[in-house]
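Please work through the exercises below with the sequence and the model open side by side, trying each task before reading its solution.

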Amino acid sequence: MPDTKTARTWIAPTYGGPGVLELVDADVPSPGPGQVTIDVRAVGMNPADYKGFAAGDDPSKLPLSIGYEVAGVLSAVGPDTEIASGGGAVGDEVLAFRISGGYTTALTVSADDVFAKPASLGFPEAANLLLAGATAAEMLDVVGVQKGDTIVVHGASGAVGVSVLQQARLFGVRVIGTASQDRFDVVRRFGGDPVLYGDGLEQRIRDEAPEGIAAALDTVGTDEAVDVSLALIDDRRRLVSIAAFGRAADDGFRVIGGAMPASAAFRDHARAHLIHLAASGDLVVPMARTFSFTSAVDALELLRTGHPGGKLALVP
């Protein structure tokens with residue numbers, strides 16, 4: 001029998017804020033057919049991480065695991081197994097997305113969710129590529145962007161917004177991006193035209209885009225973002241949000257989310273293409289800060305309450 005591998009793993013033993021998290025020891029099973037074990041070098045951080053344990057009333061689901069994407073090094077490969085991008089040997093650098101329990105120092109996962117890490121990406125960047133990137137790709141897809149369109153993106157300087165800016169540029173799509181004044185440089189750096197959110201937003205967008213707005217992508221979920229989008233576009237099928245679920249039910253526009261079957265299928269399919277874009281330099285992941293693995297609570301508090309100015313990662 002092989003020695004049992006042990007990892008340090010963050011769990012939520014109860015519902016609440018980041019302060020409820022506990023760091024525990026967990027056994028890492030040896031990989032079977034179709035599985036690999038990853039020694040984690042960086043944990044990607046996303047708002048979905050804390051939303052998963054922020055509220056709930058079903059104790060049978062506790063404790064909850066946290067985290068959907070990591071990057072690291074293969075430490076074991078199951079029998080007759082290849083990773084999703086082909087091959088895969090102990091020592092290879094990889095990234096994994098649409099996994100569960102990513103806030104850990106090691107884990108065994110389905111090889112179908114594991115891809116070779118581009119050499120041009122550091123581990124923190126690789127660990128933060130796919131959740132935001134796949135969300136952005138799906139937003140562009142569901143509204144049917146076409147070359148020559150002008151679209152508005154609410155929250156354009158955030159992680160999903162920055163990925164939308166870069167991917168839209170590859171489509172030949174112009175993006176008007178809402179942001180705070182101090183984030184205008186980020187919107188411009190990634191190919192968008194910034195406008196200040198707040199009172200008068202609709203008219204500022206109309207002035208910036210006299211050709212009209214073909215579609216609206218909402219990453220923030222505010223009433224302002226929804227109301228302005230509804231005023232700017234005629235076809236509500238061309239408004240999508242990742243946050244305004246209540247308004248979508250009332251106003252008849254699109255919402256997407258990783259837990260939805262259609263979204264999950266799209267995002268799984270998009271992974272290889274997004275990695276190719278990153279490898280070629282067409283899609284970058286701006287990092288704001290890395291934290292030590294043991295500082296997950298502080299990192300999540302910054303993610304939840306602040307504006308980091310880029311992606312965050314935990315580094316074991």
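## Exercise 1: helices H1 and H10

In this predicted model, helix H1 and helix H10 (residues 296-305) pack with their axes 9 Å apart and at an angle of about 95°. Task: decide how H1 is oriented relative to H10, and state which residues make the contact.

Solution. Angles of 65 to 115 degrees count as roughly perpendicular, and because the angle here is about 95°, H1 is roughly perpendicular to H10. The next step is to locate the contact, to which H1 contributes Pro47, Asp49, Tyr50 and Phe53, while H10 contributes Leu300, Leu303 and Arg304. Sorted by class, the residues of this contact comprise five nonpolar and two charged, with no polar ones.

## Exercise 2: helices H6 and H7

Task: describe how helix H6 (residues 201-208) crosses helix H7 (residues 223-232), and list the residues through which H6 and H7 meet.

Solution. The axes of H6 and H7 come within 9 Å and cross at roughly 45°, which makes H6 oblique to H7. The handedness of the crossing between H6 and H7 is right-handed. On the H6 side the contact involves Leu201, Glu202, Ile205 and Arg206, and these meet Glu224, Val228, Ala231 and Leu232 in H7. By class, the contact of H6 with H7 holds five nonpolar and three charged residues, and no polar ones.

## Exercise 3: helices H3 and H9, and a pocket

Task: characterise the crossing of H3 and H9, and then find which elements give two or more residues to the lining of the second largest pocket.

Solution. The axes of H3 and H9 come within 9 Å and cross at roughly 110°, so that H3 is roughly perpendicular to H9. The crossing in which H3 passes H9 is right-handed. From H3, the residues Leu130, Gly133, Ala134, Thr135, Ala137, Glu138 and Asp141 meet Ala262, Ser263, Phe266, Arg267, Arg271, Leu274 and Ile275 in H9. This contact of H3 with H9 divides by class into seven nonpolar, three polar and four charged residues.

Two or more lining residues come from each of helix H3 (130-142), helix H4 (159-171) and helix H9 (261-279), and H9 gives the most, with six residues. The lining of this second largest pocket has nine nonpolar, three polar and one charged residues.

## Exercise 4: details of the loops

Task: identify the peptide bond that is cis, the residue with a positive phi although it is not a glycine, and the residues that valine 20 touches.

Solution. The background to the first two steps is that most peptide bonds are trans and most residues other than glycine have a negative phi. The cis bond joins leucine 62 and proline 63, with omega about -5°, and proline 63 is placed in the loop between helix H1 (47-54) and strand E4 (64-65). The positive phi, about 50°, belongs to aspartate 80, which lies in the loop between strand E5 (69-77) and strand E6 (93-97).

Leaving aside residues up to four places away in sequence, valine 20 touches Ile11, Ala12, Pro13, Thr14, Tyr15 and Phe53. Its C-alpha atom is separated by 8.6 Å from that of valine 297, although valine 20 and valine 297 are 277 residues apart along the chain.

Methods: Residues are numbered from 1 along each chain as its sequence is written. This is a predicted model: local features need pLDDT of at least 70, side-chain atom pairs count only at pLDDT 80 or more; totals for chains, interfaces and linings use all residues. Side-chain values use heavy atoms; hydrogens and water are left out. Axes are lines fitted to C-alpha atoms, for helices over the stretch in contact, and angles run from 0 to 180 degrees between N-to-C directions. Helices (H or I, at least four residues) and strands (E, at least two) are DSSP runs, numbered from the N terminus. Angles under 35 degrees count as roughly parallel, over 145 as roughly antiparallel, 65 to 115 as roughly perpendicular and the rest as oblique. A crossing is left-handed if the near helix is turned anticlockwise from the far one by less than a right angle, and right-handed if clockwise. Contact means heavy atoms within 4.5 Å. Ala, Val, Leu, Ile, Met, Phe, Trp, Tyr, Cys and Pro count as nonpolar, Asp, Glu, Lys and Arg as charged, and the others, Gly among them, as polar.
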